[in-house]
Amino acid sequence: MTSNGTSIPVTADGIPRPGGAGSLAGRTVSRIGYGAMQLERLRTDRAEAVALVRRAVELGVDHFDTAQFYGDGFVNEVLREALAATRDAVVVTKVGATPDPGGPLPLRLAQRPEELRASVEDNLRSLGTDRLAVVNLRRADTGPGLRAEGDQVVGLDDQLAVLTALRDQGSIGAIGLSSVTADGLRRALPAGIVCVQNSYSLVSRDDEDLLRLCTDEGIAWVPYFPLGGAFPGMPKVSDEPAVHAAARELGGTPAQVGLAWLLHHAPNVLLIPGTADAGHLADNLAAGGLAPDGEGLAALDAVPSRSADDVRLG
């Protein structure tokens, strides 16, 4: 869809799409969406959380990323309220972990098939729907974060069998993968994978081969930690002199440059930066308007990649 006969892609409501138009599970979405995890910071002001999501819609966002284990259902409930009257919003949720409010981390892995099925049911209830557009299976194969141990070490084939059965029943529209290796994705391709979420940024590009595989297969690449630095020991995009130089040249911020680089790096990249602040939301979406030239992109491409794979939690 275009606005007034121009080439500017717009949403179903006629709003220019931040970052342009991308594809997810056969749907057209804005290439810059919204990762809802940080809405938990607004737990004491639910009205502000709802208003922030609605503001994102007003600015052209129609791709929202969430999970039942974000705020133990709070984030899903905010999205349910905020998006009730919104046309064509694609809400992507994930399974493979469950809330653990009393634990050392607010979540724990839940990888067993019966746990995946229970998580799908929990997401259906909290989002107030009878069908989840996309469900990402959060593995623990790669990237920073938790690693599976004991009975949480579960074969990918067994997990996909549950999710494909739920898709056949109509509870799930499409299946994605998160924290997965290239070999894991290749094994999963017959299941019809529509997106991959892995930790990836300008300064941490271990998964370049996996990104190319996704590009070749028409699978959306949805990087989490797109600016690095989420945990101690992870490199940060904002620490790079080349990023600051590009920000000065383009009239943006280092964070916007990091997001813009991702959009220009591969055509199947979809971004889901998160925030609990309306001003920061607008800044993230404005990154889609930055257009580094060939020389600028070459300088950013030359930034060395450092592995974030050895950052562990739990």
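This note covers the overall fold and the aromatic pairs of the structure.

1. The model is predicted: local features need pLDDT of at least 70, side-chain atom pairs count only at pLDDT 80 or more, and totals for chains, interfaces and linings use all residues. Residues are numbered from 1 along each chain as its sequence is written, and side-chain values use heavy atoms, without hydrogens and water.

2. The protein chain has ten helices and eleven strands. These are DSSP runs, numbered from the N terminus: helices are H or I with at least four residues, strands are E with at least two.

3. Of the 314 residues, 53% are buried. Buried means under 20% relative accessible area, exposed over 50%, and partly exposed in between (1.4 Å probe, protein chains only).

4. A search of the whole structure finds six aromatic pairs. Rings of Phe, Tyr and Trp (its six-membered ring) pair if their centres lie within 6.5 Å; planes under 30 degrees apart are stacked, over 60 edge-to-face, and the rest tilted.

5. Tyr200 and Trp221 pair edge-to-face, at 5.5 Å centre to centre and 85° between the planes. Tyr200 sits in the loop between β10 (193-197) and α6 (208-217) and Trp221 in strand β11 (residues 220-221), so the pair ties together parts 21 residues apart in sequence. Tyr200 is buried at 1% relative accessible area. Trp221 is buried at 0%. Ring pairs link Tyr200, Trp221 and Trp261 into a cluster.

6. Phe225 and Phe231 have ring centres 5.3 Å apart and planes at 85°, so this pair is edge-to-face. Phe225 is partly exposed, at 22%. Phe231 is partly exposed, at 22%.
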